[in-house]
Amino acid sequence: MAERIEQRLEDRVPELEQLERVGLFTRREIRAVLRKASALEYKIQRRALRKEDFINYIQYEINLLELIKKRRARIGYSFKKDEIENSILHRVHSLFNRATGKWKEDVQLWLSHVAFCKQWNAKHQLSKVFSSMLAIHPNKPALWIMAAKWEMETQLSSESARHLFLRALRFHPECPKLYQEYFRMELMHAEKQRKEKKEFEQAKMDLGEFNYSEEILSGEMARIIYRDAAQKIKGVEFHVAVLSIAKLFDFTQDLQKEILESLQTNYADDPLTWDYMARRELELGSLQSTEHTTKQMKVSEMTQREERCCAVFEEAVRAVPTEDMWKCYITFCLERYNRKTNSEELKQKRLERTLGVFHKTHESSLLPEALYKQWVQLLLESNLFETATEVAEAATKRFSLSVEMWQMRLQVLIQLKSDAVTQCFEEAVKHVKSKGTLPLWSLWVEWSEGTNNKEDTEALYRRSLHATTPAESVTMKEKYLDWTYRNGGYKKVKRVFTSLCENRPFSLDFFRKMIQIEKEQESCRMLHLREYYERALREFGSTNSDLWLDYVKEELSHPQGKPENCGSIHWRAMKMLQGDLVEDFVSKYTLLQTGHL
């Protein structure tokens, strides 16, 4: 192994001598490079190879290349690149090849090699990398697309790109993304040939020697790809995506018409088809921008276009009266409403239209939960408070078991400082099952803290402990403890803590909160802290090593603490803790004893 490493280091000598001779590096820097290279070489020649060692070596060589590039720019020297950079580039490619040969499944490693080749314009090497990568990872369409795009855009070889796409489709015959990119590539190729032909015609050159097929120029290849894909891939999304690509090219009117007809014929009942057809009205018949176009004319024209969209949507909800169809309509209206405009008239029309569609959907009983929230929010923003209250009430009637709907209604009533808040809370907890009601009880007690007297709030806290599930009551206990301390003082919170300890379950934060309260007292007593720690350890002693360590720290640091108890606490911790927690506790306890924790 040592001989092989020595040989590799000797191979570096000519490039290092050149670096020193031309003044890019000093002799001291050359020695530092050799030392670092030697250390890195030893790491990648071991029996047990590690990927990180290869990555570090590659990164070092790339940094070296970047440094040489900067030094060249600084001193204005651009010669001897074959002897210096090319040698390093060859070594980096060799390292990448070894790494990807060892860890073939690591796609990120392959992509790093691809990125390096692109950065240093190593086209011949990149072609080999793509070939090897696709042979090992033919199951990843994104890699085929990347390789084909490189062939098309960088190598300017549409034939190679087409060949790659056809190979990819053998592995992934039903991949929409592959068909979309292949479709795009053929249209780009057709556009490129159309531009070439036009330039030759303008230059009055003889086109006899150039074979420009009318079928390719008109996008016939893309049409064939679309027809083949349409037989294998079902769904509106693919047709819409292909249509969006076709619209980028000005010679595809016939192709667009064919895709649109197929969309309307085969997916007439799909909400996405109607959504696309409606939004298409925004792009049709746009006003030509001229010097005489006034702001009012633009607003008027935008209003007309949006009304045409809504007319299509109205027809859609009559033809396909489903929740998804109404959702598409509402989403469109919200998007238009949220668009910035300086015209108050247009903004008001958009608001009225949106609220009207919300109301129609609600009347049809097809408005989903999430959109009720947006409706209420829009009404509140528009200062339509009474309507917001009515809508929130209607939402809770339709989704009477939904915690989120009740929460929304209650938040509206609280925001408007309504007198019906308590009645609404009572109604909510009556309808909703105990499981999942924590948000309602949290909201109720928070509201009560700022509105009701202490006795009513405390009664509400106690009621919440019984009304919520055991797991959710844990959070309410923490809130109750915190509120009692803020409003009743230390003696009261101590009594509440003792009473709450009679009913499991507990959270660790519940005990830590009480420990923190005790520490905040002027006459903090270790006797009470021990009691709280002991209660906490009975519940969490087997699953939390930090709790034991905090107990030990307390005995060591508190004026009334007994350091001699630490040994006993350590022994108990070793008995109670499970699995890896024992090792974790031992290491932290050792650090504590040596004063490093």
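In which loop is Pro505 found?

Analyst: The model is predicted. Pro505 is found in the loop between helix 24 (470–500) and helix 25 (508–519). The peptide bond that joins Arg504 to Pro505 is cis, and its omega is near 0°. Most peptide bonds are trans, and most residues other than glycine have a negative phi. Lys80 is not a glycine, yet its phi is positive, at about 60°. Lys80 has its place in the loop between helix 3 (51–75) and helix 4 (85–102).

Next come the helix pairs. Two packed helices are described by the angle between their axes and by the distance between the axes. For helix 6 (residues 123–136) and helix 7, the axes come within 10 Å and cross at roughly 155°. An angle over 145 degrees counts as roughly antiparallel, so helix 6 is roughly antiparallel to helix 7. The crossing of helix 6 past helix 7 is left-handed. On the side of helix 6, the contact is made by Lys123, Leu126, Ser127, Phe130, Met133 and Leu134. Helix 7 brings Leu143, Trp144, Met146, Ala147, Trp150 and Glu151 to this contact. By class, the contact of helix 6 with helix 7 has nine nonpolar residues, one polar and two charged.

Helix 7 also has a part in the cavity. A search of the whole structure finds one cavity of 30 Å³ or more. The largest cavity has a volume of about 70 Å³. Helix 7 (141–153), helix 8 (158–171) and helix 9 (176–202) each supply at least two residues of its lining. The lining consists of Ala148, Lys149, Met152, Glu153, Ala161, Phe165, Glu181, Arg184, Met185 and Met188. Six of these lining residues are nonpolar, four are charged and none is polar.

The axes of helix 19 (residues 385–398) and helix 20 (residues 403–415) come within 9 Å and cross at roughly 160°. Helix 19 and helix 20 are therefore roughly antiparallel to each other. Helix 19 passes helix 20 in a crossing that is left-handed. In helix 19, Ala388, Thr389, Ala392, Glu393, Ala395 and Thr396 meet Met405, Trp406, Met408, Arg409, Val412 and Leu413 of helix 20. Sorted by class, this contact has eight nonpolar, two polar and two charged residues.

Technical notes. Residues are numbered from 1 along each chain as its sequence is written. This is a predicted model: local features need pLDDT of at least 70, side-chain atom pairs count only at pLDDT 80 or more; totals for chains, interfaces and linings use all residues. Side-chain values use heavy atoms; hydrogens and water are left out. Axes are lines fitted to C-alpha atoms, for helices over the stretch in contact, and angles run from 0 to 180 degrees between N-to-C directions. Helices (H or I, at least four residues) and strands (E, at least two) are DSSP runs, numbered from the N terminus. Angles under 35 degrees count as roughly parallel, over 145 as roughly antiparallel, 65 to 115 as roughly perpendicular and the rest as oblique. A crossing is left-handed if the near helix is turned anticlockwise from the far one by less than a right angle, and right-handed if clockwise. Contact means heavy atoms within 4.5 Å. Ala, Val, Leu, Ile, Met, Phe, Trp, Tyr, Cys and Pro count as nonpolar, Asp, Glu, Lys and Arg as charged, and the others, Gly among them, as polar. On a 1 Å grid over the protein atoms alone, a cavity is a set of points where a 1.4 Å probe fits but cannot get out, and a pocket is an open set with protein on both sides within 12 Å along at least five of seven lines; lining residues have an atom within 4 Å of a point. Grid points are joined across faces, edges and corners, and a volume is the space filled by probe spheres set on the points.
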